[in-house]
Amino acid sequence: MGKLSLILFGPPGSGKGTQAKLLKQSLGIAHISTGDMLRERVASGDPLGQEVAGIMQAGGLVPDETVNRLVEDRITAPDCEKGFILDGFPRTVNQARLLEGLLEAKGIRPLVIHLEVDYNVIIARISGRRQCPTCGAVYSANANAPCVSEVCDYCGSTLVIRPDDREEVVGERLRAYDQQTAPVLKFLRETGVRVWDVRGDDDSPQSIARRLEGLIQEDRRNHRRPPDAETGAV
Ligand code: AMP
């Protein structure tokens, strides 16, 4: 079976990160979150981190060249051999064009899962989200609250609100999604990429992950590549 390149698409708070973590475990492929990669760089305080910190805190999008370079490097890492899940990329048509070229060169056809979530659910999820500043674990008020309020189950650190989850920044992030990211879906559909629209707000994260696994299996059965003439690989 060929390499799986899964793009998890959806607005902030649609559950991309949660689903990516669950699918990474069940599918055994890499999870690439551009948001996590950028947050790590901001935390390390390196030049790239310093350059993008302000943009991220304000809820804007980091320039395409910066994110594209990160992704271009990341997908060549050994843990991406079997495939990868992209979470938060592509977020602009420009990024989607770059990705199209990268995947085409590797002979990979991506699959997009578009998580559809009601606006009120997005707001409720983001306002209830807490993150561990030490190990990065993410908690939500409803679906997976920590055992002790505001304390990380894994490392005991006090949980924080992500700076860009603050109410005054969320509006800007949703605007960036509507204006720059939503058009990517149309672009991907037009270029012939398979897009599955899936409800991401009507069940538990685990049940939604099982639904996605079923779709992925079905998609892989229906779109098997003809065997490679020389290697017989599919
Ligand atoms: P996320 O964790 O995916 O919500 O991303 C957090 C923030 O990181 C976003 O609001 C952007 O500022 C930045 N970011 C993450 N991925 C991208 C991307 N593909 N393009 C531009 N900016 C990004």
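Predicted model: local features only at pLDDT ≥ 70, side-chain atom pairs only at ≥ 80, totals over all residues.
Residues are numbered from 1 along each chain as its sequence is written, and side-chain values use heavy atoms, with hydrogens and water left out.

Back to β3. On one side we have G83, I85 and D87, on the other F84 and L86, and they are all buried. Buried here means under 20% relative accessible area, exposed is over 50%, and partly exposed is in between, with a 1.4 Å probe and protein chains only. Five of the five residues of β3 are buried, so this strand is largely enclosed by the rest of the structure. When I say strand, I mean a DSSP run of E, at least two residues, and a helix is a run of H or I, at least four residues, both numbered from the N terminus.

Now, the sheet. Five strands make an open sheet, in the order β2-β3-β1-β4-β7, with parallel pairing. Two strands count as paired if DSSP finds at least two bridges between them. At the edges are β2 and β7 (194-199), each pairing on one side only. From one strand to the next, the twist averages 20°. Angles like that run from 0 to 180 degrees between N-to-C directions, and axes are lines fitted to C-alpha atoms, for helices over the stretch in contact.

Let's walk across it. β2 joins β3 through four bridges, running parallel, and I32 has L86 of β3 as its bridge partner. Then β3 pairs with β1 in the parallel sense over five bridges. Along that pairing, L6 stands opposite I85 and L8 has D87 as its bridge partner. On to β4, residues 111-116, which pairs with β1 in the parallel sense over four bridges. There, I7 partners V112 and F9 stands opposite H114.

What about β1 itself? In a regular strand the side chains alternate between the two faces of the sheet. In β1, L4, L6 and L8 point one way while S5, I7 and F9 point the other, and all are buried. Six of the six residues are buried, so β1 is largely enclosed by the rest of the structure.

Let me stop at one residue in β4, namely L115. L115 is buried, at a relative accessible area of 1%. L115 and L8 are 107 residues apart in sequence, yet C-alpha to C-alpha they are 7.4 Å apart in space. Leaving aside neighbours within four places in sequence, the contacts of L115 include F9, P11, K16, V198 and L212; contact means heavy atoms within 4.5 Å.

Next, the cores. A nonpolar core is a set of buried Ala, Val, Leu, Ile, Met, Phe, Trp, Tyr and Cys residues joined through side-chain atoms within 4.5 Å. The largest one has 31 residues, and those with the most contacts inside it are I32, L38, F84, L86, V112 and L188. Elements giving two or more residues to this core include β1, β2, β3, α2 and α4, but α7 gives the most, with five. Apart from that core lies another, of 15 residues, L8, I85, V198 and L212 among them.

So who packs against whom? α2 packs on the sheet, touching β2 and β3, and its direction makes about 65° with that of β2. The axes of α2 and α4 come within 11 Å and cross at roughly 105°. These two helices are therefore roughly perpendicular to each other; that label covers 65 to 115 degrees, with under 35 being roughly parallel, over 145 roughly antiparallel and the rest oblique. The contact is made by T34, M37, L38 and R41 of α2 and V67, L70, V71 and R74 of α4.

Most residues other than glycine have a negative phi, and most peptide bonds are trans. Here, a cis peptide bond joins F89 and P90, with omega about 0°, and P90 is in the loop between β3 and α5. Then E150, a residue other than glycine, has a positive phi near 65°. You'll find E150 in the loop between β6 (138-140) and α7, where E150 counts as partly exposed at 34% relative accessibility.
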